[in-house]
Structures are given as C-alpha cells and as structure tokens.
Amino acid sequence: FDDKGIRFYTQRDYIVITDKFKGKFTAPVLGLKKTAMFAKYGNPKLKDANWEAYQMAYGIMVVYYNSAATINKVIISTKSTDDIDLCSQ
C-alpha cells in the first residue's frame with residue numbers, strides 16, 4: 001500500500017509507515033521534531049544521523065528524520081534492536 005504510506009514486511013516482521021499515511025497513531029510521531037522524542041520516549045536504544053530506534057513494550061520503533069529534523073518515516077517491529085533486519089529502501 002505504498003500509495004497509502006504503509007508497507008508490510010511480513011517475512012521480516014515489521015511495518016513501515018511514511019508521511020503519506022493519513023491514519024492516526026495512538027501516540028502520534030509522524031511530523032514530530034527530533035527534539036520532542038526525548039521528552040516522550042527517553043534515550044534511543046540505537047541511533048544514527050538520520051534515524052533513532054526506541055525500545056517499546058511491544059518491540060522497537062525506528063524513526064527516520066528528514067533534512068528539517070522532522071520524522072517522516074516510522075518502522076514498527078515486535079523484534080528487538082539486536083534481532084531486526086531492515087531492508088534498505
């Protein structure tokens with residue numbers, strides 16, 4: 001469902017949601033600034049220049065930032081940061 005901003009990677013056990021997604025999150029993160037993530041979720045478990053991975057009760061949430069340091073893509077998985085295998089897109 002790329003045109004809807006959601007992609008399921010069933011063999012890798014994760015979901016990718018982009019800024020094209022028009023649905024709602026229980027805890028909205030799309031469009032948040034990078035600085036707002038610490039207040040909501042604390043320190044990321046892993047991070048790089050363009051993304052951060054947060055440990056959640058269900059597994060992990062990886063958020064990607066655009067050039068304005070705003071979240072434009074979210075990956076949700078039941079796996080841990082040690083176990084996830086992300087596809088490059």
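Predicted model: local features only at pLDDT ≥ 70, side-chain atom pairs only at ≥ 80, totals over all residues.
Residues are numbered from 1 along each chain as its sequence is written, and side-chain values use heavy atoms, with hydrogens and water left out.

The protein chain has a mean pLDDT (the predictor's confidence in each residue, from 0 to 100) of 83, and 93% of its residues reach 70 or more. Confidence is lowest in strand β2 (residues 14-18), with a mean of 83, and highest in strand β5 (residues 60-65), with 92. Helices (H or I, at least four residues) and strands (E, at least two) are DSSP runs, numbered from the N terminus.

Six strands form an open sheet in the order β1-β2-β6-β5-β4-β3, and their pairing is antiparallel. Two strands are taken to pair if DSSP finds at least two bridges between them; β1 and β2 are joined in the antiparallel sense over four bridges. Within this pair, arginine 7 has valine 16 of β2 as its bridge partner, and phenylalanine 8 stands opposite isoleucine 15 in β2. The two strands form a hairpin with four residues between them, and aspartate 13 in the turn has a positive phi of about 60°.

Helix α1 (residues 34-41) packs on the sheet, touching β4 (51-55), β5 and β6 (71-77). The direction of α1 makes about 160° with that of β5, where axes are lines fitted to C-alpha atoms, for helices over the stretch in contact, and angles run from 0 to 180 degrees between N-to-C directions.

Lysine 34 lies in helix α1 and is partly exposed, with a relative accessible area of 30%. Buried denotes under 20% relative accessible area, exposed over 50%, and partly exposed in between (1.4 Å probe, protein chains only). Beyond its neighbours within four places in sequence, lysine 34 is in contact (heavy atoms within 4.5 Å) with Asp48, Ala49, Glu52, Tyr65 and Ala69. Lysine 34 and aspartate 13 are 21 residues apart in sequence and 25 Å apart in space, C-alpha to C-alpha.

Tyrosine 58 is located in the loop between β4 and β5. This residue counts as partly exposed because its relative accessibility is 36%. Leaving aside neighbours within four places in sequence, tyrosine 58 contacts Ile76, Ser77 and Thr78. Tyrosine 58 and serine 80, 22 residues apart in sequence, are 9.1 Å apart in space, C-alpha to C-alpha.
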